[in-house]
Amino acid sequence: IQNRKKTEQRLELAIDAAGLSIWSWDIDTNTVVNNKKWFLNQGIDPALFLDFNKLIEAIHPEDRENVEQVTRALWKGVSAYSNLTYRVKTIHGDWKWLLSFSRMTKKKKNHPGNVIIGSLLDIDFIKRKEIELQETSKELRKKNNELEKFAYITSHNLRAPVVNLLSLTEIQQEPSLTKELEEEIHQKIHQCVMQLNSTLED
């Protein structure tokens, strides 16, 4: 018996150190056992996890449907376990990310019926960092697309006056040009240079 108590104490210490909350729900008697202290430390009302309807109402609207579907599938025996990530409203009115793992298990032979055993873990910090990284990556991709568009436009704007300059300089090499045509070529060259300068300054 003493060895069993020591093992249970070590298990409790390990659970506390991991930041886990272990809970169980007897479906037949509708009896829920959970760690109220853990919920209060997370700023979550423990009563939410005693009533499924209240819990669903407290879950973020974007996560609600998935949590409800997966949980009902567990009740009906469609799935043997569930692994969920969702946001729940705290007593302060903000949202906290939780990781939930639940499993359906049979009672002992002399106590027929089903019990759901599960664990909860606060992953709010990790999840927010993950979302922050996704937003940063999204912003970087957006800026990269803008840079590609800018490079294309700049390349296009540079190409036209450069082509014109090449053509004008080739014409300028002709020995039979009149002075009027030479002056016109000089003006065109000047315009191309100004266009290039304008593109580079923009």
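## Glu68 and its contacts

Leaving aside residues up to four places away in sequence, Glu68 touches Phe52 and Ile56; contact here means heavy atoms within 4.5 Å. Glu68 is found in helix α4. Glu68 is partly exposed, at a relative accessible area of 27%. The classes are buried (under 20% relative accessible area), exposed (over 50%) and partly exposed (in between), with a 1.4 Å probe and protein chains only. Glu68 and Leu55 stand 13 residues apart in sequence, and their C-alpha atoms are 9.7 Å apart in space.

## The model and its overall plan

This is a predicted model, in which local features need pLDDT of at least 70, side-chain atom pairs count only at pLDDT 80 or more, and totals for chains, interfaces and linings use all residues. Residues are numbered from 1 along each chain as its sequence is written, and side-chain values use heavy atoms, with hydrogens and water left out.

The protein chain has six helices and five strands. Helices (H or I, at least four residues) and strands (E, at least two) are DSSP runs, numbered from the N terminus. From that end, the order is α-β-β-α-α-α-β-β-β-α-α. The chain has 202 residues, and 27% of them count as buried. Take the contacts between residues at least 6 apart in sequence: 48% join residues at least 24 apart.

## Helix α4

Helix α4 covers residues 61-75, 15 residues in total. From first C-alpha to last, α4 reaches 22 Å, close to the 21 Å expected at 1.5 Å a residue. That expected span is 1.5 Å times one less than the number of residues.

Which residues of α4 are buried? They are Asp63, Val67, Thr71, Ala73 and Leu74. These residues lie on the same side of α4, because they cover an arc of only 155° around the axis. The arc is that of the directions from the helix axis to the C-beta atoms. An α-helix has 3.6 residues a turn, so residues three or four places apart point the same way.

The buried residues of α4 pack against α3 (52-58), β3 (81-89), β4 (95-106) and β5 (114-122). The face turned away from the buried side carries the exposed residues Pro61 and Glu65. Just after α4, Gly77 takes a positive phi of about 85°.

## The largest pocket

How much space lies in the largest pocket? About 350 Å³. The search uses a 1 Å grid over the protein atoms alone; a pocket is an open set of points where a 1.4 Å probe fits, with protein on both sides within 12 Å along at least five of seven lines, and lining residues have an atom within 4 Å of a point.

The lining holds 22 residues, and the closest to the pocket centre are Trp23, Trp25, Phe52, Leu55 and Thr71. At least two lining residues come from each of β1 (20-26), α3, α4, β3, β4 and β5. Helix α4 gives the most, with four. By class, the lining has 15 nonpolar, six polar and one charged residues. Nonpolar covers Ala, Val, Leu, Ile, Met, Phe, Trp, Tyr, Cys and Pro; charged covers Asp, Glu, Lys and Arg; the others, Gly among them, are polar.

## Two loop residues

Thr90 lies in the loop between β3 and β4. Is Thr90 buried or exposed? Thr90 counts as buried, at 8% relative accessibility. Beyond residues up to four places away in sequence, Thr90 touches Gln42, Gly43, Ile44 and Lys96.

Ala47 sits in the loop between α2 (36-41) and α3. Ala47 is partly exposed, with a relative accessible area of 32%. Ala47 and Lys36 are 11 residues apart in sequence and 8.6 Å apart in space, C-alpha to C-alpha.

Technical notes
Grid points are joined across faces, edges and corners, and a volume is the space filled by probe spheres set on the points.
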